[in-house]
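Please look at the sequence and the model side by side, and keep both in view while reading.

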Amino acid sequence: MPLTVVPELPADDRSPAGSSLIDQIVREGARKMLAAALQAEVDAYIAAFADERDDAGRRLVVRNGSHTPREILTAAGAIEVKAPRVNDKRIDEETGERRRFTSAILPAWCRKTPQISEVLPLLYLHGLSSGDFVPALGRFLGSSAGLSASVITKLTETWKGEQRVFAERDLSEVDYVYLWVDGIHVNIRLEEHKLCLLVMIGVRADGRKELVALSDGYRESAESWADLLRDAKRRGMRAPVLAIGDGALGFWSALGEVFPQTRAQRCWFHKIANVLGAMPKSAHPAAKKHLAEIWNAEDKEHAERAVKEFQAAYAAKYPKAVAKVVDDLDELLAFYDYPAEHWVHLRTTNPIESTFATVRHRTKVTKGPGSRAAGLAMAFKLIESAQKRWRAVNAPHLVALVRAGATFVKGKLVERPEESPTIGGKSKAA
């Protein structure tokens with residue numbers, strides 16, 4: 001049985017009368033507010049040129065009735081608009097043509113508000129089939145005017161162009177102090193190999209999170225990551241203070257080549273999965289508790305103590321699992337050398353994982369985009385939309401101090417480190 005988003009409606013429920021009273025009130029209120037705003041805009045325009053008159057003393061800019069009513073899709077639903085018309089008889093001296101009034105509120109080409117245009121790609125990326133747009137949004141907004149399956153095709157081409165512009169932007173004016181990286185695999189419907197999206201999300205010096213780069217790589221290879229990092233450096237990107245990612249990535253060798261001064265933090269989300277994969281399921285509950293004592297410790301000193309306890313408990317039976325922690329210990333505990341408020345952000349690649357859960361869902365529904373370019377554009381648009389809702393890291397004012405090389409002991413800022421006694425877990429964030 002085919003999946004449908006909106007069921008067929010009874011014949012008597014297709015009219016505006018079928019909508020709720022509160023929806024009708026909201027739409028009528030929105031219609032009156034828009035009409036008042038358009039009238040005020042026209043009045044202000046006419047008043048601005050009230051002194052300009054022809055040889056007979058008649059005003060050159062006057063009202064001239066109203067345009068033909070048209071339907072506009074808004075967040076409040078579909079509303080009918082009757083915009084006032086302006087008769088502007090002034091002549092442009094440069095072109096010799098008559099001047100024309102253009103509404104900044106409601107341009108002549110506008111059939112839906114920017115918010116509605118933003119909803120379309122989000123619904124598409126979240127798994128709504130293009131064939132379901134008309135019945136779904138038509139029912140939700142009260143009208144299907146301006147909506148069709150072809151909208152998605154046009155949007156995809158627009159997204160591709162936006163992604164190309166993004167990939168070439170200048171990075172010299174932005175400072176990314178922290179950097180999350182990951183490789184996301186996406187099915188391609190018309191090709192044999194999967195698309196490997198190389199993603200970098202950074203934290204600016206003011207604490208805001210932002211997409212840094214998105215590229216089509218090859219199996220997360222070191223060379224693909226090196227190409228991406230070299231390109232970012234060429235466009236002006238500074239070396240981040242700390243980079244967070246999965247230990248299996250080819251990213252780390254590439255980072256050592258392009259930004260050798262950047263410290264590494266291995267993602268605990270991936271590490272826990274790797275450790276448990278080397279142990280029987282019966283040992284998982286207890287092992288998870290031991291691992292939590294490490295990554296959720298009070299400070300670095302307590303974390304190192306928890307590592308020794310984990311090693312004592314499991315080294316004899318599961319040496320491979322213990323080695324996965326011990327061998328990468330410096331990279332696993334690096335986040336403890338930074339502000340305690342940032343620890344929750346720095347120990348995993350969750351900002352990327354949570355965002356791309358939607359991409360995975362979308363490609364599962366559609367069995368993947370039709371091409372690598374479409375898949376890249378789809379992912380870019382998703383992150384661009386999600387980015388508006390990302391919150392800054394905790395204590396954003398401390399990010400600039402991290403870049404400046406401030407010293408943090410047990411997660412707290414030390415203003416005069418040269419006068420402080422040596423304490424376990426002390427580090428200078430450089």
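Which residues in α9 meet which residues in α10? Phe310, Gln311 and Tyr314 are the residues on the α9 side, and they meet Pro319, Ala321, Val322, Val325 and Val326 in α10, where contact means heavy atoms within 4.5 Å. Sorted by class, this contact of α9 with α10 has seven nonpolar residues, one polar residue and no charged residues; here Ala, Val, Leu, Ile, Met, Phe, Trp, Tyr, Cys and Pro count as nonpolar, Asp, Glu, Lys and Arg as charged, and the others, Gly among them, as polar.

Before going further, note that this is a predicted model, in which local features need pLDDT of at least 70 and side-chain atom pairs count only at pLDDT 80 or more, while totals for chains, interfaces and linings use all residues. Residues are numbered from 1 along each chain as its sequence is written, and side-chain values use heavy atoms, with hydrogens and water left out. The protein chain has 15 helices and twelve strands, which are DSSP runs numbered from the N terminus (helices are H or I with at least four residues, strands are E with at least two). Of its 430 residues, 45% count as buried, a word that stands for under 20% relative accessible area, with exposed for over 50% and partly exposed for what lies in between (1.4 Å probe, protein chains only).

Two packed helices are described by the angle between their axes and the distance between the axes. For α9 (residues 300-314) and α10 (residues 319-326), the angle is about 165° and the axes are 9 Å apart; axes are lines fitted to C-alpha atoms, for helices over the stretch in contact, and angles run from 0 to 180 degrees between N-to-C directions. The two helices α9 and α10 are therefore roughly antiparallel to each other, since angles over 145 degrees count as roughly antiparallel, under 35 as roughly parallel, 65 to 115 as roughly perpendicular and the rest as oblique.

Helix α9 also packs with α8 (residues 284-295), at an angle of about 155° and with the axes 7 Å apart, which makes α8 roughly antiparallel to α9. On the α8 side the contact includes Ala286, His290 and Leu291, and on the α9 side it includes Ala303, Phe310 and Tyr314. By class, the contact of α8 with α9 has ten nonpolar, one polar and two charged residues.

Within α10, Ala321, Val322 and Val325 are buried. Seen down the axis of α10, its buried residues fall within an arc of 95°, so they line one face of the helix; the arc is that of the directions from the helix axis to the C-beta atoms. Among the elements that cover the buried residues of α10 are α7 (268-277), α8, α9 and α11 (329-332).

Finally, consider two single residues. His345 lies in α12 (residues 343-346) and, at 8% relative accessibility, counts as buried. Ala373, found in α14 (residues 372-387), is partly exposed, with a relative accessible area of 41%.
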